Amino acid sequence: MATTSSSNHGADRSAAVSRIVGDDVYARIKAAKVLMVGAGGIGCELLKNLVLSGFVNVVVVDLDTIEVSNLNRQFLFQRQHVGLPKAQVAADSARRFNPQANIVFHHANIKNKEFSQEWFGQFDLVLNALDNVSARNHVNRMCLAADVPLVESGTAGYLGQVTVIKKGATECFECTPKPPPKQHPVCTIRNTPSLPIHCIVWGKFLFNQLFGLADDENNISPNTADPEAAGDNADAGRQDVDGRDANAELSSADSATNNNVQSLRAWAIEHQYHADETVQKLFVNDVKTLLRMDKLWRERRPPVPLDTLLEQSTDGTNDDGPASSTRLKDQRVWGLKECTDVFRSSLSRLAQRLSEEQAKAAASGSSEAAILSWDKDDDLAMDFVTAAANLRMSVFSIPNMCRFDAKSMAGNIIPAIATTNAIVAGLIVLEAMKILRDQFSICRMTFLARKPNSRMKVLLPTELSKPNPNCHVCAAKPRVTVHVNTNTMTLGQFDEVVLKGRLGMIAPDMMEGNRILLSSEPGETDINNPKALSSLGIVHDTSVFVEDFHQSYELTIRVLHREAFEADAQFVVEGQGSVPPPAAQAPAAPAPTPSADRKRKAEDDSDAPAVVDDDDIVLMDDGSASDHQPAAAHVNKKHRLETPADDEDDIVFE
Amino acid sequence: MAVAFTDDEAQLYDRQIRLWGLDAQKRMRSARVLLAGLTGLGVEVAKNIVLAGIKSITLLDGAVTTDADLTAQFYLGVESLGLNVSHSPKTRRQKRLLVHNAFMVAVVVDEENLESKQDSFFSQFDIVCLVGAPLNTMISVNDACRKYCVKFIAGSVYGLSGFLFQDLLEHDYVEDVVRAPGEPPQVGKHETAQQALDAANETTASQFHSSFTPLSAALSVAWSDAIAAKRIKPAPKLWFALLALWQTQRQNIELQATSDLLASAGIPSSVLPLDYLSAFFQSIGPEMSPVSAIVGGVYAQEVLKAVSGKDAPLNNVFLFDGTDGAGYATRVSL
Ligand SMILES: [Zn+2]
């Protein structure tokens, strides 16, 4: 009897959907095999819409687990699901809307090798509900390779966007280069902070120097080679072992670089992470080093060492209760003494945690050193960064900031809300239905704006752009020109920051003529990694051929030698702006990056938002911390590059 | 009563507090909402505003679940219809909603029909939300709400299209505007993430006011004269299609796109092609889930703006036109 009623209702459901979309379209919906990448804010809404619209073959891939702060919008999840995989719970919840739906889930990274071109090829349609550019780039390439239509989407606060990507017919996701995130010069971070963000970035770097993946990209010590300070008393800071020029370090051999970088960690280990001594070093002695570089302070207000501040300070604490009706507990700004106390206690507890992780790693026979990963949702790590940043703000006479705001800034949170996600997920399904009808000509890119434009529109459909013939991804023979200093950039750096970091490859092989310079097979070409490009024969105007087998992506790169770059950049990809090293990236709102002609269209029609991203958007400043990674992780640099999308990219979902 | 946020609430609502600020969240937390009409659109609206953390929601719907509900209502499993088949008591739509209330929102279920309610019933709410109501019900409830100074919003989905109308009376709201150069920054007073994130482009909260009109007034616009006299910009086609639909409800006639219908509804033929109206009439039927999601998202965001007094409301009509995929916000009033 249950079977009878169930099948009857299946028929009833069919009748209702058919009546709106037509029998033929409904037949295609039922037959369609759909991949949904991401089961977060947009994904929960999208899966619901798909099932209710009659889709019955859906595969869901997501690598995240559920957190409390997801529950205000990811409605397929409830409190009892916190900690469980999103893909699994989303599939289980949505199945209840239609028990006949065949929803398969993978709790995995979409970049994994198991999700090959052939695997993508089984789908009629791929729907992205992603939260980071890196994974979007990857799915874009896989869909181009497998020639599967892709619906791309994103939200940021009240703004949203949906578009359709079809090989050969429309722009691909990478036809328009994304502008690199806003940067803060290394010297500003290390020597002359003037904004809260400079101190927040410094605080996160400090965390990595002390507990995390310490490298020269996040050096926080005074930089005595600051060009601005040139001509200062040569003795000024040279006594300080940490005070070397970042660029000089990059150009020197690895050993020297590491030597320098490890010095703060080495110093901390030597001093057993002693809280008072660390405060003294960072906020008194290092400040005095900076003060000796007196050219820096001719036009600037000089910093004041913390001991002096504490003597002058009468505030002690401005504590007036933990929370009140007018603000959250975290919205209270700590006093100077309170910051010092929180810094000391969080430092000690993090040091304790680090040693526990190291003991665990040693016990398990791991050869890799245990480190801590910064995570904005790790209260202790967030306490540490808030306190460290505020102490530095005090030293540099920058107004202090509460923990709530520090978290927005440090975690680069662009909040996501249920309503925007719901609207965007609805638009995705409408585009999906057009694709299933083979009506690409009426597919649209749609923007959700906050306010109506002069033509009264708040949802603005615009025609899809044609592919960019010079796209470094979807062109017939993709080519790109990269400017680097071939004498200083090593092959390993080229692999990491250019091929993987900038050009979005996962496992590139690189050839010059018949010579294999870089192999994706582990170990095969490791010997080349520390060598400068020029010593491997890559000099001015050398063309190299790069292939990512997994992405079925081939790219010819013309390398041009350039001695120097602006603003701490290590290289420039032509047509893509300058790209500073991953250090010192500033938080930024989701980058509006419409192609020139799309931008014109959008502006004709409105001041619509351009590209926005799903869910809370987090611009990572160093790629070492992911939201959903355990606070402690055993990683080395190579692993880091292969770990999840969230890990290495600038944009991460909260 | 001002009650401090618990750590739990702060954590749960963390992201949206960063978007619209704590003050807005607190006002939402004291909002009492009536939602009448648990269609696919109604369920979308209920989901979105319950997620945002209001004080209470009263779900009013006397209807029994139907097959069509299955295509647009995610809280209704097949088993709810199975109960009917096995002669169990008929399942009321709102029963299924209770399951998903994981929040501290009070949910009240009312199985009476909207039409049976006295005017004074609406006075207990801060905002009354109608979904799928016929024209005369929308007008009378709007008028009742006016009597008790209760904000009003109504909407429906028709096939691939949908609309909402709102009457927020005399509405005061706060909006973050970019701080004028030279104005001192509000140190440590960042209410939202946007404010905190961009120190160079800091915003300040400013007070605004918006005056609304009741639906009856919006419907009394004499379009032919007004357009001819250039006193009003023509609304999008869909608004006129709705006027034609409501005219058929008034006259209790069949849905037929004729020039007589336009004439009787006072719609200039220049603003509503008959083939467009004909297609609109044909599409009226079961709700499409994605359309409910789109209109329900806008609808719920308007409810949240109304009860939080944060951000400019769409005064007073939103239209989603499924034929071109555009969403319009316009003011229908003289
Ligand atoms: Zn392209």
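Analyst: The model is predicted. Along chain A, UniProt lists residues 482-566 as "domain: Ubiquitin/SUMO-activating enzyme ubiquitin-like", in an unreviewed entry.

Now the helix pair itself. Helix α17 of chain A, residues 418-436, packs against helix α13 of chain B, residues 289-308. Their axes are 7 Å apart and meet at an angle of about 160°. Because an angle over 145 degrees counts as roughly antiparallel, α17(A) is described as roughly antiparallel to α13(B). The crossing of α17(A) past α13(B) is left-handed.

On the α17(A) side, the contact is made by Thr419(A), Ala422(A), Ile423(A), Gly426(A), Leu427(A), Val429(A) and Leu430(A). From α13(B) come Pro290(B), Val291(B), Ala293(B), Ile294(B), Gly297(B), Val298(B), Ala300(B), Gln301(B) and Leu304(B). Sorted by class, this contact between α17(A) and α13(B) has twelve nonpolar residues, four polar ones and no charged ones.

The loops joined to these helices each hold a backbone detail. In chain A, the loop between α16 (403-410) and α17 contains Asn412(A). Phi of Asn412(A) is near 50°, which is a positive value in a residue other than glycine. In chain B, Asn316(B) sits in the loop between α13 and β9 (317-321). The peptide bond leading from Asn315(B) to Asn316(B) is cis, with omega near 10°.

Elsewhere in chain B there is an aromatic pair to note. Over all chains the count of aromatic pairs comes to 19. Among them are Phe163(B) and Trp246(B), with ring centres 5.4 Å apart and planes at 70°, so this pair is edge-to-face. Phe163(B) belongs to strand β6 (residues 161-167) of chain B, and Trp246(B) to helix α10 (residues 237-251) of chain B, so the pair ties together parts 83 residues apart in sequence.

Note on methods:
Residues numbered from 1 in each chain as written. Chains lettered and ligands numbered in written order. Predicted model: local features only at pLDDT ≥ 70, side-chain atom pairs only at ≥ 80, totals over all residues. Heavy atoms only, no water. Axes fitted to C-alpha atoms, helices over the stretch in contact; angles between N-to-C directions. Helix = DSSP H or I, 4+ residues; strand = E, 2+ residues; numbered from the N terminus. Parallel < 35°, antiparallel > 145°, perpendicular 65-115°, else oblique. Left-handed = near helix turned anticlockwise from the far one by under 90°. Contact = heavy atoms within 4.5 Å. Nonpolar A, V, L, I, M, F, W, Y, C, P; charged D, E, K, R; others polar. UniProt positions renumbered as here; feature names shortened; annotations may be inferred. Phe/Tyr/Trp six-rings, centres within 6.5 Å; stacked < 30°, edge-to-face > 60°.
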